[in-house]
Amino acid sequence: MDIEKIKIFLTVVEEGSLYAAAKKLDYTTSGISRSVSALEEETGLQLILRGKKGISVTKDAQDLLPIMKELVYQNKKYEENFDFGFSIIHSLFRNNYRSL
C-alpha cells in the first residue's frame, strides 16, 4: 500500500469530496478518484460512496481510518528521523573531511 494514496484518501475524507481534495492537494479530480480507486482495489474494500453532494465513508473505511492515520504519522516520524540521522552523518563526514 502506497503511503501517498493513503494521504490522498485521508484528505478526501477530511474535505468531504473528491473535488475539494483535488483543490487542496493541487491534483485533478480524476487523479484523486484514480488514487482512491487504486487504494480500494489494493484493500479489496469499498472505502467511499461517491454522490452528487460529495462522498460518504463506508463502515470498512471508518474501521481503517485510525490505522491509516497511524501509518501516515509513523511514516512522517520515520522521515523526520531519517533526515535528522542523515544530517548528522553528513555533518560528521564534512567535519572529518575538512580536518584532513
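Trainee: Which residues of H1 are buried?

Mentor: Lys5, Ile6, Ile8, Phe9, Leu10, Thr11 and Val12 are buried in H1. Bear in mind that this is a predicted model.

Trainee: How do I read spacing along a helix?

Mentor: An α-helix has 3.6 residues a turn, so residues three or four places apart point the same way. Now take the case here. H1 covers residues 3-15, which makes 13 residues. From its first C-alpha to its last it reaches 18 Å, close to the 18 Å expected at 1.5 Å a residue.

Trainee: What sits at the start of H1?

Mentor: Look at Asp2. One of its side-chain oxygens comes to within 3.0 Å of the backbone nitrogen of Glu4.

Trainee: Which residue follows H1, and what is its phi?

Mentor: Gly16 follows H1. Its phi is positive, near 85°.

Trainee: Where does Ser35 lie, and is Ser35 buried or exposed?

Mentor: Ser35 belongs to helix H3, residues 29-43. Burial is judged by relative accessible area, and buried means under 20%. Ser35 has 10%, so it counts as buried.

Trainee: Which residues does Ser35 contact, leaving aside neighbours within four places in sequence?

Mentor: Ser35 is in contact with Lys5 and Ile8. Lys5 and Ile8 are also among the buried residues of H1.

Trainee: In what sense do strands E1 and E2 pair, and over how many bridges?

Mentor: E1 (residues 48-51) and E2 (residues 54-57) pair in the antiparallel sense, over four bridges.

Trainee: What joins E1 to E2?

Mentor: A hairpin does, through two residues.

Key
Residues numbered from 1 in each chain as written. Predicted model: local features only at pLDDT ≥ 70, side-chain atom pairs only at ≥ 80, totals over all residues. Heavy atoms only, no water. Expected span 1.5 Å × (residues − 1). Buried < 20%, exposed > 50% of the residue type's maximum accessible area, 1.4 Å probe, protein only. Polar contact = N/O pair within 3.5 Å; in protein donor to acceptor, adjacent residues only side chain to side chain. Contact = heavy atoms within 4.5 Å. Pairing = 2+ DSSP bridges.
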